[in-house]
Amino acid sequence: MRKSILLIDTPESCNECILSGEYIYCTGEIISGENICHGCRGHNYDSAKKPDWCPLQVVPEKMEVCGRYPQPDGIAPSYKIGWNKCIDKILKNKERWLKWENGKEWGEIQCPMLNDTSVMTYYPEGAPCYYSYTAPFVCDGDICYYRYDHDEGGWDCNLYSMGEYAEDVSQKVFFK
C-alpha cells in the first residue's frame, strides 16, 4: 500500500493535536483528560502528555552542505544534497528569488547548498570580483544569499542573512 504524509505542526501533547479528540463512552459520557487518537485509534489516559506510541514523527533537519571538499563531517555531499531535496519536497520549500539592484552578472556556478543546481552569481558593480554571490532569496522569512570565494575556488558554508523579508512591502536589495 502507498504511504502518505500529513504535514502538521508537531504538538507537545494530545490536547494540542488536531488528530485527537475527547474519549466518549458508549453511554455518551465524555471523560475529561482522556483522548483517542484519530490517527491510529490509540487511547491516551493522560492527554497532557504525548504517549510513546504516538504515530507522529518529527521531520528531520536538513544537513549542512559545504562547498569545500572533503566535507568536514565526512558525509558525502551527494548524500546530503539528496537528503535535503527530500526534506524540501516534504516541506514544500521553495526559495523566492529576488534580485540585486546594483549587481553585475559574473556567471553560473554549481551550488551544493541549493540542491547542486547551477545558479547565476553576481558581484558589486564597480568593484573587483573577489567574491560572487547568489541572487538574494527568501529563506524562513529572511533575505539570504550564498557567497563564492574566487580566491579559494569554493563556496562558503555559511548562509548569509540580510534581514527580515516583508511579504507586502516592495524591497530592493543592494550590495553595500
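A nonpolar core is here a set of buried Ala, Val, Leu, Ile, Met, Phe, Trp, Tyr and Cys residues joined through side-chain atoms within 4.5 Å, where buried means under 20% relative accessible area, exposed over 50% and partly exposed in between (1.4 Å probe, protein chains only). The model is predicted: local features need pLDDT of at least 70 and side-chain atom pairs count only at pLDDT 80 or more, while totals for chains, interfaces and linings use all residues. Residues are numbered from 1 along each chain as its sequence is written, and side-chain values use heavy atoms, with hydrogens and water left out.

**View 1. The largest nonpolar core.** This core has 12 residues: V65, I81, I109, C111, M113, L114, V119, F137, C144, Y146, Y148 and W155. A second, separate core has 11 residues, including Y122, V138, Y165 and F175. In soluble globular proteins, nonpolar side chains tend to be buried together. Apart from neighbours within four places in sequence, I109 is in contact (heavy atoms within 4.5 Å) with T117, S118, V119, T121, S132, Y148, H150 and W155.

**View 2. The pairing of β5 and β6.** Strands are DSSP runs (E, at least two residues), numbered from the N terminus, and two of them pair if DSSP finds at least two bridges between them. Strands β5 (residues 103-111) and β6 (residues 117-124) run antiparallel and are joined by eight bridges. C111 stands opposite T117 in β6. Five residues lie between the strands of this hairpin, in which N115 takes a positive phi near 60 degrees.

**View 3. T134 and the pairing of β6 and β7.** Two bridges join β6 to β7, and these strands run antiparallel. T134 lies in β7 (residues 131-134), and T121 stands opposite T134. T134 counts as buried because its relative accessibility is 0%. Leaving aside neighbours within four places in sequence, the contacts of T134 include W97, W100, L114, V119 and W155. The hairpin of β6 and β7 has six residues between the strands, and G126 in this hairpin takes a positive phi near 85 degrees.

**View 4. The salt bridge of R147 and D156.** The structure holds one salt bridge (a side-chain nitrogen of Lys or Arg within 4 Å of a carboxyl oxygen of Asp or Glu). It joins R147 to D156, with the closest N and O atoms 2.6 Å apart. D156 has 9% relative accessibility and therefore counts as buried.

Terms used. Helices (H or I, at least four residues) and strands (E, at least two) are DSSP runs, numbered from the N terminus.
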